[in-house]
Amino acid sequence: MFIADREAIVNHVMAYSHLIDDGRLEDWYALFSDDVEFVSSGPELGTLTTHGKKDFRECIDDRYGKPTKAARRHTQGNVHVLEQTATTAKLRCYMLISTVPDADKLSILTTGVYHANLEKRNGKWTITRWYIEADAPLNPSAVPAGAEYTPDPRYVIPGA
């Protein structure tokens, strides 16, 4: 059962990239528990945290739910399962987020690390905590209602 769970854990987390890039947001949201904690951190911008799927969805829909011309790809690699029990797991993997705005261009938006906590509930794995640790600052956006924002103490962003 340990090996079957390991495969299910890794597959669950790897589905993240395919589903979000395919625009299958409802299937993508289904990867997360109703009580998910979502944390996104990057240099200069600081850290944004939401608790619960409602606030998580509002944050994602506001920030990323708009269609774009460029194909976006979330690439994951160097998957490392840090801990695994019969009902819990912790995993991390490198991320590379890119776009292809034109046929002869590739733009790297950022690299970093995804950290995931998962629980096995009712026989299925679900993500209970997702922490994005970006290596480069991303475009700032408004902090959605229900989100907590902690600025990066090394930088002052006007209006933040």
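In this predicted model, L91 has A116 in β5 as its bridge partner.

**Strands β4, β5 and β6**

Strand β4 covers residues 88-100 and strand β5 covers residues 107-121; the two run antiparallel and are joined by 12 bridges. Six residues lie between β4 and β5, which form a hairpin. β5 also pairs with strand β6, residues 124-134, again in the antiparallel sense, over 10 bridges. Within this second pairing, N117 has R129 in β6 as its bridge partner. β5 and β6 likewise form a hairpin, with two residues between them. N122 is in that turn and has a positive phi of about 50°.

| Strand pair | Sense | Bridges |
|---|---|---|
| β4 (residues 88-100) and β5 (residues 107-121) | antiparallel | 12 bridges |
| β5 and β6 (residues 124-134) | antiparallel | 10 bridges |

The loop between β4 and β5 contains L106. Is L106 buried or exposed? L106 counts as exposed because its relative accessibility is 58%, and the cut-off for exposed is over 50%. Together with L96, V100 and I108, L106 makes a nonpolar surface patch of about 330 Å².

**T50 in strand β2**

Strand β2 spans residues 46-51 and includes T50. T50 has 0% relative accessibility and therefore counts as buried, a term used for values under 20%. Which residues is T50 in contact with, leaving aside its neighbours within four places in sequence? They are V36, E37, F38, D55, F56, C59, G146 and A147.

Conventions:
Residues are numbered from 1 along each chain as its sequence is written. This is a predicted model: local features need pLDDT of at least 70, side-chain atom pairs count only at pLDDT 80 or more; totals for chains, interfaces and linings use all residues. Side-chain values use heavy atoms; hydrogens and water are left out. Two strands pair if DSSP finds at least two bridges between them. Helices (H or I, at least four residues) and strands (E, at least two) are DSSP runs, numbered from the N terminus. Buried means under 20% relative accessible area, exposed over 50%, partly exposed in between (1.4 Å probe, protein chains only). Contact means heavy atoms within 4.5 Å. Patches are made of residues with over 30% relative accessible area and no salt bridge: like charges are joined within 9 Å, nonpolar side chains (Val, Leu, Ile, Met, Phe, Trp, Tyr) within 5 Å. Accessible areas come from the Shrake-Rupley method with a 1.4 Å probe; for residues, only the protein chains shown count as cover. A salt bridge is a side-chain nitrogen of Lys or Arg within 4 Å of a carboxyl oxygen of Asp or Glu.
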